[in-house]
Amino acid sequence: MLIGLVRDSVMQCFCHTCRAPGILPAVSRRSAPMKKNNKIRSKQPRLNKKVKFITTEIRCQEKSRGGLSYEVILAEPAPNVAVPKRPVTPGKNVSVEEIEQKLKAAEERRISLEARKMAEISIKLAKVEEATRKKDEITNEFITQTKEQLESKMENHVEKREAIISDMKEKLKIHAQEIEKTRETLEQQKANEQKAIEEKLKTAQALRDENIKKMLNRLKEHERRAEVVRQNKAQTQDMDGQQSPIASSG
């Protein structure tokens, strides 16, 4: 349906008074009924002037499936028309002085152009030199600032390192003093303990000697008593032996 509408709109003349002849409408597979336009068009007044129409021809060709190609021919090809040539102006009589003046003016223009170019080149070179100088200044300033920053950082690092080393030395010194104090305290405790042990050993030795003496005394007393008991027993036996013969005689 859309293809038919486009085709009809192209085939219709722009003045809406005629249609291009000799073109058959293409049959589409799905053709929908065209809706009638019930709008009333306003009628334009006819002019008495004769309007000259140009021959118009539209050729339609189906290039592909569902696609159309249109070729619009507005008029017949015109014959070859000669292009009007530009009239040649008559030559003027030029003298030698005018030629020399023109050459001189051209030389002056060339010289002035060269001078202007040289001035522009010199200005550009000056700008380049100025830019180079500014760049060098900026680079040198950056190098100087970076060097100063690095030096300050190195100085701060050295100061911090020295401070850390001194702090560590002080801590080690305090630690060594504490170790020395602890060692002296341990030695004193060891000496005291050793002295106490020696005193205990002396006391124990004295007690042991005293106990040994007491035991020896007890043994001596026991032997003395045993000897007394033996003597008494021997005397008793002797007395019993003497009394038995007397009894037998009696």
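Is Lys-171 buried or exposed, and at what relative accessibility?

Tutor: Lys-171 counts as exposed, at 54% relative accessibility. The cut-offs are under 20% relative accessible area for buried and over 50% for exposed, with partly exposed in between, using a 1.4 Å probe and protein chains only. The model is predicted, so local features need pLDDT of at least 70 and side-chain atom pairs count only at pLDDT 80 or more, while totals for chains, interfaces and linings use all residues. Residues are numbered from 1 along each chain as its sequence is written, and side-chain values use heavy atoms, with hydrogens and water left out.

Lys-171 forms a salt bridge with Asp-167, and their closest N and O atoms are 3.9 Å apart. A salt bridge here is a side-chain nitrogen of Lys or Arg within 4 Å of a carboxyl oxygen of Asp or Glu. Side chains of opposite charge can pair when their charged atoms come close. The two residues are about one helical turn from each other because they are four residues apart in helix α2. Asp-167 is partly exposed, with a relative accessible area of 39%.

The count of salt bridges comes to eleven. Another of them joins Lys-214 to Glu-210, with the closest N and O atoms 3.8 Å apart. Both residues lie in helix α2, four residues apart, or about one turn of the helix. Lys-214 is partly exposed at 42% relative accessibility, and Glu-210 is partly exposed at 41%.

A further salt bridge links Arg-110 and Glu-107, whose closest N and O atoms are 2.1 Å apart. About one helical turn separates these two, because they are three residues apart in helix α2. Arg-110 counts as partly exposed at 37% relative accessibility, and Glu-107 as partly exposed at 34%. Together with Glu-114, these two residues are linked in a network of salt bridges.

Surface patches come next. They are made of residues with over 30% relative accessible area and no salt bridge; like charges are joined within 9 Å, and nonpolar side chains (Val, Leu, Ile, Met, Phe, Trp, Tyr) within 5 Å. A patch of negative charge gathers Glu-148, Glu-151, Glu-155, Glu-159 and Glu-162 on the surface. Glu-155 has its place in helix α2, which spans residues 96–249. Lys and Arg count as positive and Asp and Glu as negative, with His and the chain ends not counted; the place of a charge is taken as NZ of Lys, CZ of Arg, CG of Asp or CD of Glu.

Met-118, Ile-121 and Leu-125 make a nonpolar surface patch of about 300 Å². Ile-121 lies in helix α2 and is partly exposed, with a relative accessible area of 43%.

As for the whole chain, its secondary structure comes to two helices and two strands, in the pattern α-β-β-α along the sequence. Helices (H or I, at least four residues) and strands (E, at least two) are DSSP runs, numbered from the N terminus. Of the 250 residues, 2% count as buried. The chain exposes about 25100 Å², with 58% supplied by carbon and sulfur atoms; accessible areas come from the Shrake-Rupley method with a 1.4 Å probe, and for residues only the protein chains shown count as cover. Among contacts with a separation of 6 or more, 30% are between residues 24 or more positions apart, where contact means heavy atoms within 4.5 Å.
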